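Biologist: I would like to learn how to read a model like this one. Can we take it feature by feature?

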Amino acid sequence: MSNNKLFIPCSEAGHTCDKTQYNDASLWEKIKLNIHLIYCRACRKYTKNNGKLTKMMNNSELEFLKATEKDTLKSNFEKELSKHD
Amino acid sequence: MPEHQINPNKWIDLYSDYLFNYTITRVRDRDTAQDLVQDTFFAGLKSMKNFKGEASERTWLISILKRKIIDHYRKINSKKGKAEVRVNFNSDSDNEGDWIEQRVADPFDKTAENNLENTELGLAIHNCMGKLPAKQAQVFKMKTVLNYETEAICNELNITASNLWVIIHRARTALASCLEKNWF
């Protein structure tokens, strides 16, 4: 590419795209990503899927045990386990 | 030789999140869900001899958990008359909204359906995350579900930021293709 500041390679575009999913990318990075997306079909597709994934993760109401809760569960379980063997 | 082996030592690490997610979408209360999951593990331990190895451990545990959830609802409904459904169309006695027609559910409000779909989606994501390598799943979970800052994760796991982003990238790619196969 003639001007390296404006045109970024796909690897960097993918990286920026991942960052945007967590609102971690700066404005300049986002501009560069969008310029890249104008001419790169593969990255357009990746961006689209990536956004979809983020949306799904937000919608899914995933619940995880907190670390402390898991620890209590574990210690309780180990007590029970030692009784059995 | 049975197809599946049983190994309770790894149960908590492997299945507790999945079972918990399964439960909480059905009982809507963290404490109760935790108790039910724990009961399930204990019951599984007790009846380990009955495990024939026809289904995977997780399926087997889920089938116990289902019974536990049903029992839970039976218990809280066991007092006579509690299970009776009483529909009161007019809870507030103001004249406004007296007509039943005014109280029908809004057909454009699809929350219930969406919630159901999202519950299933949650389990689908769990399945796909279970297929990721442990490290990727851990980092992805910390970043996406628990919303940790990049720096906090890096410090805790002792990795560099670029390292983290590579892991995230791989996890996202794998997850997206897995969900594409199993969900869409």
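Biologist: What percentage of the 85 residues of chain A count as buried?

Modeller: This is a predicted model, so keep that in mind throughout. Buried means under 20% relative accessible area. In chain A, 38% of the 85 residues count as buried. For chain B, with 184 residues, buried residues make up 38%.

Biologist: How many helices and strands does chain A have?

Modeller: Chain A has 4 helices and 0 strands. Read from the N terminus, its elements run α-α-α-α. Chain B has 7 helices and 0 strands. Its order from the N terminus is α-α-α-α-α-α-α.

Biologist: Where in chain A is confidence lowest, and where is it highest?

Modeller: Start with the general idea. Where pLDDT is low, the predicted coordinates should not be read in detail. Now the case here. Chain A has a mean pLDDT of 83, and 89% of its residues reach 70 or more. Confidence in chain A is lowest in helix 4, residues 67-84, at a mean of 76. It is highest in helix 2, residues 27-39, at 93.

Biologist: Let us turn to charges. How many salt bridges does a search of the whole structure find?

Modeller: The idea comes first. Side chains of opposite charge can pair when their charged atoms come close. The cut-off is 4 Å between the side-chain nitrogen and the carboxyl oxygen. On that basis the search finds 5 salt bridges over all chains.

Biologist: Which residue forms a salt bridge with A:K32?

Modeller: A:K32 pairs with A:E12, and their closest N and O atoms are 3.9 Å apart. This pair links distant parts of the chain. A:K32 sits in helix 2 of chain A, A:E12 in helix 1 (residues 10-21), and they are 20 residues apart.

Biologist: Are A:K32 and A:E12 buried or partly exposed?

Modeller: A:K32 counts as buried because its relative accessibility is 13%. A:E12 has a relative accessible area of 33%, so it is partly exposed.

Biologist: Which residue of chain A forms a salt bridge with B:K143?

Modeller: That residue is A:D24, with the closest N and O atoms 3.3 Å apart. B:K143 lies in helix 5 (residues 134-145) of chain B, and A:D24 in the loop between helix 1 and helix 2 of chain A, so the pair joins two chains. B:K143 is buried, with a relative accessible area of 5%. A:D24 is at 31% relative accessibility, so it counts as partly exposed.

Biologist: What does B:D17 form a salt bridge with?

Modeller: B:D17 pairs with B:K141, and the closest N and O atoms are 3.3 Å apart. Here too, the pair links distant parts of the chain. B:D17 belongs to helix 1 (residues 11-27) of chain B, B:K141 to helix 5 of chain B, and 124 residues separate them. B:D17 counts as buried because its relative accessibility is 9%.

Biologist: Now the surface. Which residues form the nonpolar patch on chain A?

Modeller: To join such a patch, a residue needs over 30% relative accessible area. A:L6, A:L27, A:W28 and A:I31 form it, with about 390 Å² of accessible area together. Take A:I31, which lies in helix 2 of chain A. Its relative accessibility is 37%, so A:I31 counts as partly exposed.

Biologist: Which residues form the negative surface patch?

Modeller: B:D29, B:D31, B:D35 and B:D39 make up that patch. B:D31 is in helix 2 (residues 30-46) of chain B. At a relative accessible area of 53%, B:D31 is exposed.

Biologist: And the interior? Is B:L121 buried or exposed?

Modeller: B:L121 is buried, because its relative accessible area is 3%. It is found in helix 4 (residues 111-131) of chain B. B:L121 and B:L179 are 58 residues apart along the chain, and their C-alpha atoms are separated by 9.2 Å.

Biologist: How far apart in space are B:M142 and B:I153, C-alpha to C-alpha?

Modeller: They are 7.2 Å apart in space and 11 residues apart in sequence. B:M142 is found in helix 5 of chain B. B:M142 counts as buried because its relative accessibility is 6%.

Key:
Residues numbered from 1 in each chain as written. Chains lettered and ligands numbered in written order. Predicted model: local features only at pLDDT ≥ 70, side-chain atom pairs only at ≥ 80, totals over all residues. Heavy atoms only, no water. Patch = residues over 30% accessible without salt bridge, like charges linked within 9 Å, V, L, I, M, F, W, Y side chains within 5 Å. Areas by Shrake-Rupley, 256 points an atom, 1.4 Å probe, with all protein chains shown as cover. Lys, Arg positive; Asp, Glu negative; His and termini not counted. Charge placed at Lys NZ, Arg CZ, Asp CG, Glu CD. Buried < 20%, exposed > 50% of the residue type's maximum accessible area, 1.4 Å probe, protein only. pLDDT = per-residue confidence, 0-100.
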